[in-house]
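This briefing goes through selected local features of one protein structure. Have the sequence and the model open while reading.

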Amino acid sequence: MPESADKRLGMNRPITRRDFLNGVAVGASGVVAESLLPAGAFASPGPAQAAQDQLGYYPPALTGLRGSHVGSFEAAHSVRDGKFPSKGAKAVDSKEAYDLVVVGGGISGLAAAYFWRTKNPSARILILDNHDDFGGHAKRNELRAGSRMLLANGGTWAIESPFPYSKVSRALMDGLGIQPEALEAKCYRQNVYRHLSSGVFFDQQTFGADRLVAPAPGGRRGTDGSVEEWQVFLEKTPLSPEARQDIHRLETEATDFFPGLTSEQKKDKLSRISYKDFLLKVVKVHNDVIPYYQTRTHGLFGVGIDAVPALDCWVLGQPGFGGLKLEPGPHPRMGYTPRGFAAPKAPYEFHFPDGNATIARILVRQMIPGAAPGYDAEDIVTAKFDYTQLDKADSPVRIRLSSIVVAVKHAGEAAQARQVDITYSRDGQLVAVHGRKVILACWNMMIPYLCPELPQAQKEALHYGVKVPLVYTSVAIRNWEAFEKLGVHNIACPGMYLDLPVDIGAYESPKTPDQPILVRMERTPCLPGLPERDQHRAGRGDLLSAPFETFERSIRDQFARALGGAGFDPARDITAITVNRWPHGYAYEYNYLFDPEWPAGESPCEIGRKRFGRIAISNSDAGAAAYTDAAIDQAWRAVEELSNG
């Protein structure tokens, strides 16, 4: 992009766009907004003191490139490539020994430590995590606009699941004081955006012209709308006449495309073709229709409709199925998420302003009370954490950040060993610790490299799933008057929206258009046309190769094109950007367009999670389900396995 265009977008403006490199906060732009971090946040750690032990260390307030940030994965990639540790390198033996060592400080790892401590109140536990903050994907983005705190989720969005929470996961929520129904009734502010609608941004690269069209029939998901609403909407779009006609037919008419087949036969047929093929080959829409629907499934699966079964899209309310008269209920060839949505369940959902980072924060406060003040699920939202309390030598539970585990090995044969030796890399040094038991709550694909003594079949199973790459971006803007003028609170482009207004504890969400606010943006990179796992591999490479500058330019350009007509100026109105990059994001859910139907007990996640000696495995990958309750349930299973001998 020409330098003049970059200047118009504000690429040269001194906004807050920090990164955290090697434990030291640095200004990517050379200009630092000190007011956004507590005093001492930029202090350089002493030679014998880790960054997290420094006064003012507070990663939630960092902006720039977060998620899988610089310094959190390089050593792991070197282990994968056989380049680390180097030949002859020896770890310093810390002489530290624990009853349990947990590798991974996400929801599953924290829950595992909590469960273990509940069963063994005198146990000493060490949690090691490769990131500079705990929570795994449940990360917190915390910014300030003057005295106002602005929060957003850097990963996991909410307490939600396609299936009812199990007795175990619900008991944990109860024990943490989290009651979703009560919190929703008390804290949601439903009226703030009631006068605003959803919009669709048609971009020039895909549709031939930049155009924001609102209101969109059926709201954000576009799964409803009257004949008249669709007619009015489509006339405003830059779509071809053929595409408009076929979208109108698809959205408003009900045709049985499989006459003579039973509901069960129709479901089976739909499970074996993609939604894209259903539209093109069965409904026979014009090719120009596909781009309008292509990204509808990105938010759930990380791939477009070319790689999602038509049956799953029926469950999700996509158009074209009204005339088939399919009987309600799940089907064995549905994916995990659609199968759950196909069965009715009682509501059990809540979105904290920082997403499920609040769950991680409560778990940590329960295990390390000195880390944060307060006592309930409301005051935790604004509680300031003292990270210097996380790794105290006299604490029964310790959390050690920026510690990339590179080796996990039994001290002897797995069947007879009395302990497990764990080696991690921190600040360029290899350190060894020891545990009577170990729970690997890290990502499945890394476990075979960390623990090469695992059986070959188990290692292959752990490698099978490819996590869904994704980007959650938080953009702080001076006000949301442009959204108000356009009459929208979210825009499909593929995703830009004002977050759900939630007032909880001392936290108050912005209510009027003149107030600063965080805009949430989503992106799931993929490569249409390939099998799903290959699309995720391509998307992962895309994310890992892109510098922050590339993200920032695209973000500013998208704001300018979508909101510029209402006077939004990205150079003037954007005040901070946090890009939560997750090359290894959601757990992979099996997709029967590409994956076989395994017998019970023989799927890769079931084989991969088997206990091995004194080592158990706990993560959402182990359940092949990208939900918090799955991570909790797998933590409980791992603790139970290790507790039985």
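H351 sits in the loop that runs between α14 (336–341) and α15 (357–367). The model is predicted, and the points below describe selected places in it.

- H351 has a relative accessible area of 0% and is therefore buried, since the cut-off for buried is under 20%.
- A polar atom of the H351 side chain lies 2.7 Å from the backbone oxygen of W157.
- The H351 side chain also makes a polar contact, at 3.3 Å, with the side chain of D499.
- Leaving aside residues up to four places away in sequence, H351 touches N153, W157, A158, Y188, D499, L500 and V502.

**Helix α5**

- Helix α5 spans residues 180–187, and its buried residues are P180, L183 and C187.
- These residues cover an arc of only 65° around the axis, so they lie on the same side of α5.
- In general, an α-helix has 3.6 residues a turn, so residues three or four places apart point the same way.

**Cis peptide bonds**

- The peptide bond that leads from F84 to P85 is cis, and its omega is near -5°.
- P85 belongs to the loop between α2 (74–80) and β4 (92–103).
- A214 and P215 are joined by a cis peptide bond as well, with omega about 0°.
- The loop that holds P215 lies between β9 (211–213) and α7 (227–236).

- S402 is a residue other than glycine, yet its phi is positive, near 50°.
- The loop between β10 (397–400) and β11 (404–410) contains S402.
- The relative accessible area of S402 is 27%, so S402 counts as partly exposed: the value falls between the cut-offs of 20% and 50%.
- A624, again not a glycine, has a positive phi near 50°.
- A624 is placed in the loop between β19 (615–617) and α23 (628–643).
- With a relative accessibility of 8%, A624 is under the 20% cut-off and therefore counts as buried.

How values were computed
Residues numbered from 1 in each chain as written. Predicted model: local features only at pLDDT ≥ 70, side-chain atom pairs only at ≥ 80, totals over all residues. Heavy atoms only, no water. Helix = DSSP H or I, 4+ residues; strand = E, 2+ residues; numbered from the N terminus. Buried < 20%, exposed > 50% of the residue type's maximum accessible area, 1.4 Å probe, protein only. Polar contact = N/O pair within 3.5 Å; in protein donor to acceptor, adjacent residues only side chain to side chain. Contact = heavy atoms within 4.5 Å. Arc of directions from axis to C-beta.
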